[in-house]
Amino acid sequence: MSIFNFKEFSIKQDRCAMKIGTDAVLLGAWASVAQAASILDIGTGTGLLALMSAQRNKLAQIDAVEIEQEATEQANDNFSKSPWSNRLNCINLSIQNYQSTTPRLYDSIITNPPYFDINSSTAITKEARSKARTTEYLPKNELISSTFELLSPTGNLSLILPLEEGNIFI
């Protein structure tokens with residue numbers, strides 16, 4: 001079983017298409033979540049960013065959305081074994097569907113979004129991994145519009161992208 005250990009929590013990642021990487025760990029440490037009362041993790045995967053946010057912010061309620069059923073189950077399992085299980089919840093929905101059904105606004109949104117364009121992903125053969133890595137299910141414009149709809153007026157978005165994709169995103 002693939003387990004990644006942190007100081008205050010552990011994450012199982014055997015049922016997720018994307019494993020924990022340096023970029024996600026850096027984003028979890030860097031993201032502006034300290035003053036947030038509510039946090040949303042888009043595309044949570046293992047639940048790493050939500051768990052790091054819960055560790056850094058001892059009061060925030062943290063929701064996570066994940067499109068893959070297996071990853072949702074694994075994130076909820078990881079959440080349930082953490083010291084902050086009462087403040088963490090993962091929902092099996094795309095951000096587009098979640099955004100259209102929730103009345104909630106968030107003080108902080110955090111995401112390590114897919115960034116490969118569909119046409120550059122021909123080497124990705126597993127559907128779950130393709131969903132996690134390509135913009136087919138989460139195009140940049142839909143991420144932006146969902147984020148704007150879900151952020152409180154003083155909220156912030158923290159994300160990480162490679163340089164070229166970041167410039168396009170901006």
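Colleague: Which residue in S4 does Ser38 stand opposite?

Modeller: Ser38 stands opposite Gln61 in S4. This is a predicted model, where local features need pLDDT of at least 70, side-chain atom pairs count only at pLDDT 80 or more, and totals for chains, interfaces and linings use all residues. Residues are numbered from 1 along each chain as its sequence is written, and side-chain values use heavy atoms, with hydrogens and water left out.

Colleague: How do S3 and S4 pair?

Modeller: Strand S3 (residues 38-42) and strand S4 (residues 61-65) pair in the parallel sense, over five bridges. Two strands pair if DSSP finds at least two bridges between them. Strands (E, at least two residues) and helices (H or I, at least four) are DSSP runs, numbered from the N terminus.

Colleague: What is the strand order in the open sheet?

Modeller: The order is S5-S4-S3-S6-S7, five strands with parallel pairing. Strand S5 (88-91) and strand S7 (151-159) are the edge strands, each pairing on one side only.

Colleague: Which strands does helix H6 touch?

Modeller: Helix H6 (residues 140-150) packs on the sheet and touches S3, S6 and S7. Contact means heavy atoms within 4.5 Å. The direction of H6 makes about 140° with that of S7. Axes are lines fitted to C-alpha atoms, for helices over the stretch in contact, and angles run from 0 to 180 degrees between N-to-C directions.

Colleague: New topic. Is Lys140 buried or exposed?

Modeller: Lys140, which lies in helix H6, counts as buried because its relative accessible area is 17%. Buried means under 20%, exposed over 50%, and partly exposed in between (1.4 Å probe, protein chains only).
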